[in-house]
Amino acid sequence: MIRRILWRPFPFEWSDTRLEFQKTKVFHFEFSVNDDGPYTLKVTADYFFLEQWRREQIELPNDSHGNYRIFEREIQVR
């Protein structure tokens, strides 16, 4: 999920696939395991001010400002 803005010659929102405010989005996925568990599924959502390729391009460390953990939950899976 990403928002892309072009800044030249003036700010223009190119695309926006972020979650809508106070809306829910469901993601489905499958996984398999080799034994009976139990297991813990750790779900996180992080906000990054800049995309990874851009941080690398301007040599900005990944742990610098602009990166925020906005959701974290552990779910027991049996």
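Is Asp16 buried, partly exposed or exposed? Asp16 counts as partly exposed, at 34% relative accessibility. Here buried means under 20% relative accessible area, exposed means over 50%, and partly exposed lies in between (1.4 Å probe, protein chains only). The model is predicted: local features need pLDDT of at least 70, side-chain atom pairs count only at pLDDT 80 or more, and totals for chains, interfaces and linings use all residues. Residues are numbered from 1 along each chain as its sequence is written, and side-chain values use heavy atoms, with hydrogens and water left out.

Asp16 forms a salt bridge with Arg18. The closest N and O atoms of this pair are 2.9 Å apart. A salt bridge is a side-chain nitrogen of Lys or Arg within 4 Å of a carboxyl oxygen of Asp or Glu. Side chains of opposite charge can pair when their charged atoms come close. Arg18 is partly exposed, with 40% relative accessibility. By this rule the count comes to five salt bridges.

Another salt bridge joins Glu13 and Arg3, with the closest N and O atoms 2.7 Å apart. Glu13 lies in strand 2 and Arg3 in strand 1, so the pair ties together parts that are 10 residues apart in sequence. Helices (H or I, at least four residues) and strands (E, at least two) are DSSP runs, numbered from the N terminus. Glu13 is partly exposed, at 39% relative accessible area. Arg3 is partly exposed too, at 40%.

Strand 1 and strand 2 pair in the antiparallel sense over four bridges. Two strands pair if DSSP finds at least two bridges between them. The two strands form a hairpin, with five residues between them. Within this pairing, Ile5 stands opposite Glu13 in strand 2.

Arg69 and Asp46 form a further salt bridge. Their closest N and O atoms are 2.3 Å apart. This pair links distant parts of the chain: Arg69 is in strand 4 and Asp46 in strand 3, 23 residues apart. Salt bridges that share partners join Lys42, Asp46, Arg69 and Glu72 into one network. Arg69 is partly exposed, with a relative accessible area of 46%. Asp46 is partly exposed as well, at 34%.

The loop between strand 2 and strand 3 holds two backbone features. Most residues other than glycine have a negative phi, and most peptide bonds are trans. Gln22 lies in this loop. Gln22 is not a glycine, yet has a positive phi of about 55°. Gln22 counts as exposed, at 72% relative accessibility. Pro38 lies in the loop as well. The peptide bond from Gly37 to Pro38 is cis, with omega near 10°.

The largest pocket is lined by 31 residues. Met1, Ile2, Arg18, Tyr47 and Phe48 lie nearest its centre. Strand 1 (3-6), strand 3 (39-48), helix 1 (52-57) and strand 4 (67-77) each give two or more residues to the lining. The largest share, seven residues, comes from strand 3. The lining divides into 20 nonpolar, two polar and nine charged residues.

Terms used. 1 Å grid on protein atoms, 1.4 Å probe; cavity = no way out; pocket = protein on both sides within 12 Å on 5 of 7 lines; lining within 4 Å. Nonpolar A, V, L, I, M, F, W, Y, C, P; charged D, E, K, R; others polar.
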